[in-house]
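Take a look at the protein below. We'll walk through it together, from the whole chain down to a single residue.

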Amino acid sequence: MLDAWLPAPEERLSGGTLYDKRLIKGLRNNGVPVSTHWVDVETFDLDWAASKSTLHLVDGLLFHLKPEAFLQAHKARFIYLSHLPFWLEPGIGEKEKSDRKEKELAFMKRCQCVISTSPFIKKQLVSAGIDEAKCEVIKPEKSPLKAKSDYGIKPQSFLMVASVHYGKGIDILISALAQLSKLDWQLNVVGAVDPT
């Protein structure tokens, strides 16, 4: 049995939550028994949870919110799911970047496997010292789209599915798109709003 610990709420409109749901569905479709737990970090008892199964899949956001608890869970075996290493989050200072990197890498090195969502993320992890043999890339599953011939020649809109907060770099995306002022494009951002 694989225990999957994912950050609550299950209904969050974010790319990470959509990826997590599809990953679990894919594992189940391939015969892997998965027990899914949507974890509220404030009430999460890591000692209790770690004693309930032999292998735990942990979304990186949970680790990021409680790094010390995970670093002290020596008896549990983990698979780490990294959408983006938290030391690469836009807008953080050098000290915070260094602290995050040290903790996240220490935990990843203890994990049985590290799953990343793209070859780019895997390359970042390997260059930071994670053993390439323990890194697996599982790309996000694509939803069925209309045939390419059904789309107009000129794109009219972008869709970004993510929690809306500073660390997602939405300001950087807006600045980049502003340079395309001659094109009539629209940006749609869909996700939970975190005003901090």
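Here is a short tour, starting with the ground rules.

## Ground rules

This is a predicted model, where local features need pLDDT of at least 70, side-chain atom pairs count only at pLDDT 80 or more, and totals for chains, interfaces and linings use all residues. Residues are numbered from 1 along each chain as its sequence is written, and side-chain values use heavy atoms, with hydrogens and water left out.

## The whole protein

You'll find seven helices and eight strands here (DSSP runs, H or I of at least four residues for helices and E of at least two for strands, numbered from the N terminus). The protein has 196 residues, and 35% of them count as buried, meaning under 20% relative accessible area with a 1.4 Å probe, protein chains only.

## Two nonpolar cores

A nonpolar core is a set of buried Ala, Val, Leu, Ile, Met, Phe, Trp, Tyr and Cys residues joined through side-chain atoms within 4.5 Å. The largest one has 26 residues, and Trp5, Phe70, Phe78, Tyr80, Phe107 and Leu125 have the most contacts inside it. Helices H3, H4, H5 and H6 and strand E4 each supply at least two residues of this core, with H5 giving the most, three.

Setting aside neighbours within four places in sequence, Phe107 is in contact (heavy atoms within 4.5 Å) with Phe63, Phe70, Leu71, Phe78 and Tyr80. A second, separate core has 13 residues, including Ala4, Leu23, Val34 and Cys113.

## A buried charge

Which strand holds Asp3? Asp3 sits in strand E1, residues 2-7. Asp3 is buried but has no salt bridge (a side-chain nitrogen of Lys or Arg within 4 Å of a carboxyl oxygen of Asp or Glu). Arg28, the nearest side chain of opposite charge, is 8.6 Å away (Lys and Arg count as positive, Asp and Glu as negative; His and the chain ends are not counted).

Note on methods: Buried < 20%, exposed > 50% of the residue type's maximum accessible area, 1.4 Å probe, protein only.
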